[in-house]
Structure formats: structure tokens, C-alpha cells
Amino acid sequence: MEDEKIIDLYWQRDENAIKLTAEKYRNYCGAIARNILGNGEDAEECLNDTWLRVWNAIPPHRPDKLSLFLGKITRELAINRYKANSAQKRGGGEMELALDELSAFISSKNTVEENIEAETLAKAINVFLRKQPEKQANMFILRYFHFYPISQIAAKYSASESKVKSVLFRMRKKLYSYLESEDLL
Amino acid sequence: MKPEKIIDAMNMLDDDLIEQAERKNDVKKIRFTPAVKRLVACAACAMFIIATSYATEIVEAFKSYFVSQNEEFPPEVMTDVVTDENEDLIIRLDGAVADRHSCHMIVSFISKKPRLFNGYEQEGFALYAIDKNGERVDFDDRSSGTYMEHSPVAKAITKITDADATYLVSGTFEIPQMENMDKLVFECEGLRLEAEIENNILPEYPLYTEDGAETGYVMTPIGLYINYTTDIPDEHIFDKVFLLDKEGKAVEMGFSGHSSIAKLADGSEHIVAIHTWSAGHIDVLILDMENYIGARIGDTNYYFVREN
């Protein structure tokens, strides 16, 4: 069913909307959740939370693109769950690796304003990514938004894993320099 | 700043950026009107004719390099021919060169039957090396350019006379190095060509600063490479290289290449930047080092020492 019709069902408070959403987007959202949590049970619970969150969010929201709306909700819920799990030493998945990769550049400087608004930072990251070659920007997003394993990104771009690591390495360094130039680091 | 902040902020990425990254293929199908199709076809024909006439000279020189110049300059690794049971298809190696990180092979296909050559999609297409223990080692990065009568728009080298299709197959190793390899192997359609590379690695020319200081850069007739550790800043990643000719004049040089992080046996990480010289659509170029004295990388000139 088309997304527009599924969204209409939400607005009509028809519970079939949840069933149809789950059918259509289980794989997409499930991949994001599993990349972050690396744990089947947690990922499954995260998906159920996503469907509930969407039910509560539409209405009043009417997302332009349902898949991205769901993806962002899944990502946020999975990250929150990851943080809770980490406190109990139950981390796992690609999230931990991605944080390690970013920390090599980001946390090494302690001159950082910890109170920078996430929105300001997000705006800067958006600007930064738009200035990068498309392929490199895509690899960065697949790694740090979707938490794709390096091997999957390499397969998608028919590149070696070391090449993808190299691109990400350079992108992280560039991002660090850019944020520094914008006084965000 | 904690890295979590970056991760959290990325939840507010613009939707179009995420969509762009999620796109399964980076190529979108474009629908042309018949008039535009005719125009594109005419332009493609004209470009092909110009490119072919231009490329012929270069490729003939490239071919003669393998065929006739190997006595003067030793890098011809081998030539070989294999054929299938019915001799319907002959695959012939017209030449191969390698330095410590890169290799190029030119392979011609001669077929009795009409045949469509599809490059990577060709049945059993593979390029790899065999190390001195007889183990297969895959290249970290590989590319192939093809001349095909049915599809002349591929990243092309000009077809060698009498061949139905000619491939230029290139591979690069980050690590291990080619000197640890025994042979190159090219496989296609069940046929297998082997090139002995041991003792046939191209000569290397380490580059020095004007003051004679070592740099780690190494020039070869087919490229330039450098190994360095990751704790050194990004100084060896460059977008443009100039060659310095005999008069010391900087000549802009085309190249294709990449840099990668490689893990060594001791667990330490190195970056290996590998660039191979290229000349437009032919894609590779083999320099006569007699014509050059060094290279300009960034704003600095580097020189090699010629052994006389």
C-alpha cells in the first residue's frame, strides 16, 4: 500500500495502519535497530516501540516521507536503548564501533562546548556533508546514521573494506576540522 | 565533545541526504525522447571516432612497449595464450607490468563465434596473485577497462589488432607487497593465464628533497606510492601530481589512485597511498624514466637519483 494511504489510516485511527507499517517497513527499521543494538530481542522490542511511537505521533504529524520518519524514530529509540544497555554493560552491535571511531578525533580535544545544541550541531553536519563528494557523504551517512557494518558499505560500493575505512577516516578528520572552524569543537 | 553528540545530532540529518545515501544504485535511469536519443547517438559516434583515432597511436605504442621494447627495458613479465577445448575462444596475454603495489595486464580475446564481452560480468572473471607459498591473494583494489565492439563506451583502451576485445586489467595491493608474490593470475570463461612476476618487478625510484633528505615517496614507471603511519597528519593525500621533466619543468600528470589503511602483521596501522599514472581514456601510462628527474607533490619538488 502507498505510504500516503497508510498515513491516512493513522489519521483515521485505524489500527490496520500499524500492521501495514510493520509489514512494509519491518526489514528497513529492523536493520537500523539491529545495527545499533546487535541483539535480536532488543531490536525486536525496539521495533514494537517504534510502531507505538508512530501511532502516537500521527496525527498530529503528517510525514512527507514515511520511511525516513520511521527510520529516525527507530534510530532514536535504539540509541536510547543502547545507552540504557551500556549502563548495564550490555552493549553491542555497530554502535559501539562507530562511537570508538568518532572518539578518536572528537573526544581527544577537551575544549568542547558540551552544551552545544544538538540542532546547531546537526545543522553544521548537514552543511558539511553537502560540501563533500556524494559518494563519501553517502558512506559517512550509511556508517554513522544507519550504522551499516563496513563490509556492507564496501559491498554496496563494490569497494574493498580498507578503502571504505580510508574514506571514513578522512571524512571524520574533515568533519573534525570543519566543526573546529565553526567553533563547535 | 562526546562522540554520542555527533551520533545524536545525526538524527536531525536532512531527509534528502539520507535518501541519497539509501539509494540502492547511484545510477538513475534516464528516459530520452527519440530526438534526444538521435542527438546522443550522433554525439557518441563522433566522440568514439575521435577517441579511437587518437587512442590508436597511444595503444600501438603501449603494445609495442610490451612486444618490442622488452629487451631494452626488462619489465615484460610474460606473454601467453590459452584456448578452450574447441578453440572457440583464445585468451592471449599481450603484456603485464608490476611494481611493488600495482600491476596492469593487457589481455586480448579472440573468438570464432560472435560473442558479447561484458567485463566484470564475464563468466569466471578474476584477477589475483599467487604468493610464494602457492596461496591465492586477492587485490585490495581492482579495475578493468574494456574495448568491446558492441559497447565502445566502456572505460576503453583501443582494441589490439586481431582481437575481438581487449581488456586492461589493473590491480593494487595495499599490503602485502607484490614482491612477495610469485605470479599474477587472470581467469575468464574457465581459461586461466598466469604471469610470472617474481624477479620482474619494475625498477623503483625513491624520491628525495632538494636537500637530499629521504621522503618515503617512491616513483615507478607505472605510479607513485608511499607508506606512512596514521599518527602523521593527512599530508600525503594529494589531488594533483606534476612530473619534473629533464629541464626541471613541471608537467601535469594524470593519475588514478587511492589511499587505504592497512593493518600490518605486528598490529600497527599504516596508510598506503597508491597512485598509478594514467593518460585519459587509455587509463594507464608507462613512463620512460629517462625523460624525468622527479615529481612535484603539493608545492614541493622531489628528485630521484639516477643510477649510471
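Start with chain B as a whole: 34% of its 308 residues are buried. Buried here means that 20 or more other C-beta atoms lie within 10 Å of the residue's own, exposed means 12 or fewer, and partly exposed is in between, with C-beta atoms placed from the backbone. This is a predicted model, in which local features need pLDDT of at least 70 and side-chain atom pairs count only at pLDDT 80 or more, while totals for chains, interfaces and linings use all residues. Residues are numbered from 1 along each chain as its sequence is written, and chains are lettered from A and ligands numbered from 1 in the order in which they are written.

**Both chains**

Colour by secondary structure. Chain B shows three helices and 17 strands, while chain A has nine helices and zero strands. Helices (H or I, at least four residues) and strands (E, at least two) are DSSP runs, numbered from the N terminus. In chain A, 40% of the 185 residues are buried.

For contacts, the criterion is C-beta atoms, placed from the backbone, within 7 Å. Counting pairs at least 6 apart in sequence, 67% of the contacts in chain A join residues at least 24 apart.

**Chain A: W11 and its surroundings**

Select W11(A), which sits in helix α1 (residues 3-11) of chain A. W11(A) has 13 C-beta neighbours inside 10 Å and therefore counts as partly exposed. Leaving out residues up to four places away in sequence, W11(A) touches I58(A) and P59(A).

**Where the chains meet**

Select the contact between the chains, made of 36 residues from chain A and 29 residues from chain B. On the side of chain A that touches chain B, α4 (66-87), α5 (93-106), α6 (118-131), α7 (134-144) and α9 (161-181) each supply at least two residues. Which helix gives the most to this side of chain A? That is α6(A), with seven residues. Coloured by class, the side of chain A that touches chain B has 19 nonpolar, seven polar and 10 charged residues. Ala, Val, Leu, Ile, Met, Phe, Trp, Tyr, Cys and Pro count as nonpolar, Asp, Glu, Lys and Arg as charged, and the others, Gly among them, as polar.

**Nonpolar cores**

A nonpolar core is a set of buried Ala, Val, Leu, Ile, Met, Phe, Trp, Tyr and Cys residues joined through C-beta atoms within 7 Å. In the largest one, of 58 residues, select A33(A), I36(A), A78(A), I141(A) and M10(B), which touch the most other members. Helix α4(A) provides the largest share of this core, eight residues. Domain 1 (3-87) and domain 2 (93-181) of chain A each contribute at least three residues to this core; the domain bounds come from an automatic or database domain assignment.

Zoom in on A33(A). Not counting residues up to four places away in sequence, A33(A) touches A43(A), C46(A), L47(A), T74(A) and A78(A). Apart from this core lies another, of 30 residues, including F139(B), F173(B), A195(B) and I222(B).

**Strands of chain B**

Two strands pair if DSSP finds at least two bridges between them. Begin with strand β2 (residues 89-98) of chain B, which pairs with β3(B) in the antiparallel sense over nine bridges. R92(B) has S108(B) in β3(B) as its bridge partner, and three residues separate β2(B) from β3(B) in a hairpin. Eight of the 10 residues of strand β3 (residues 102-111) of chain B are buried, so β3(B) is largely enclosed by the rest of the structure.

Next, show the open sheet of four strands in the order β5-β4-β8-β9 (chain B), with antiparallel pairing. Because β5 (136-138) and β9 (191-196) of chain B stand at the edges with a single partner strand each, one side of each has no neighbour in the sheet. The twist from one strand to the next averages 35 degrees, with axes taken as lines fitted to C-alpha atoms, for helices over the stretch in contact, and angles running from 0 to 180 degrees between N-to-C directions. Within this sheet, look at strand β4 (residues 126-131) of chain B, joined to β5(B) by three antiparallel bridges. Y128(B) is opposite D138(B) in β5(B).

Finish at strand β17 (residues 300-304) of chain B, where two bridges make an antiparallel link to strand β10 (residues 205-208) of chain B. L207(B) faces F304(B) in β17(B). Strand β16 (residues 292-297) of chain B is also antiparallel to β17(B), through four bridges, and R296(B) stands opposite N301(B). β16(B) and β17(B) form a hairpin with two residues between them, and G298(B) in the turn has a positive phi of about 65 degrees.

Notes:
Contact = placed C-beta atoms within 7 Å.
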